[in-house]
Amino acid sequence: MREWEKWQEWSNEYIRVFLRDDVYGVEHPMRKEIRNKIKDLGVKTLLDVCCGPGVDYEGLKKAGLDIDYVGTDITSKMIESCQERFPEARFEVGDIYNLNFPDSTFDAVICKDVLCHLPDYVTPL
Ligand SMILES: C[S@@+](CC[C@H](N)C(=O)[O-])C[C@H]1O[C@@H](n2cnc3c(N)ncnc32)[C@H](O)[C@@H]1O
């Protein structure tokens, strides 16, 4: 594991900065692209696997998209930060290798900037 991938050791302040960051924040072109796709496809229920500090939820909210959203992440500090910032949404601690949602629970699933950090990225797919 690389030093900066020790997610549980990130400070609350760093998590908040990450959320606002120009590079990784809501205006990142990839995040915009994901939002556009979600809008175009008419997605109404969305699972954000490994949601981190909730940046994509923030973007969806700012874009005014009415979506039933669930964010999961293995790092409890990330989830705590999300719950604090976005109490209206559902965030849960969850391991990408062991998700327990029934089939067809969601219209779409996003998993951004995650697979490259996993020891085995094939199994979750
Ligand atoms: C680079 S961040 C990306 C966060 C978010 N998807 C984004 O684009 O802003 C990677 C996230 O993957 C989470 N993660 C790493 N391994 C995981 C696992 N096995 N199950 C669930 N989440 C995991 C980390 O806690 C971290 O929040």
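Me: In this predicted model, which residue in E3 does Thr72 stand opposite?

Reply: Thr72 stands opposite Glu92 in E3.

Me: Why are E3 and E4 called edge strands?

Reply: The open sheet has four strands in the order E3-E2-E1-E4, paired in parallel, and strand E3 (90-93) and strand E4 (108-110) each pair on one side only. From one strand to the next, the twist averages 20 degrees.

Me: How do you know that helix H3 packs on the sheet, and which strands does it touch?

Reply: Helix H3, residues 55-62, touches strand E1 (45-49), E2 and E4, where a contact requires C-beta atoms within 7 Å; the direction of H3 makes about 165 degrees with that of E2.

Me: Why are the buried residues of helix H4 said to be on the same side?

Reply: In H4 (residues 76-85), Met78, Ile79, Ser81 and Cys82 are buried, a label that requires 20 or more other C-beta atoms within 10 Å. These residues cover an arc of only 160 degrees around the axis, and therefore they are on the same side of H4.

Me: What makes up the shell around the ligand, and which residues come nearest?

Reply: The shell divides into ten nonpolar, three polar and four charged residues, and of the 17 residues around the ligand, Cys50, Gly52, Ile74, Thr75 and Ile96 come nearest.

Terms used:
Residues numbered from 1 in each chain as written. Predicted model: local features only at pLDDT ≥ 70, side-chain atom pairs only at ≥ 80, totals over all residues. Pairing = 2+ DSSP bridges. Helix = DSSP H or I, 4+ residues; strand = E, 2+ residues; numbered from the N terminus. Axes fitted to C-alpha atoms, helices over the stretch in contact; angles between N-to-C directions. Contact = placed C-beta atoms within 7 Å. Near = placed C-beta within 6 Å. Nonpolar A, V, L, I, M, F, W, Y, C, P; charged D, E, K, R; others polar. Buried ≥ 20, exposed ≤ 12 C-beta atoms within 10 Å, placed from the backbone. Arc of directions from axis to C-beta.
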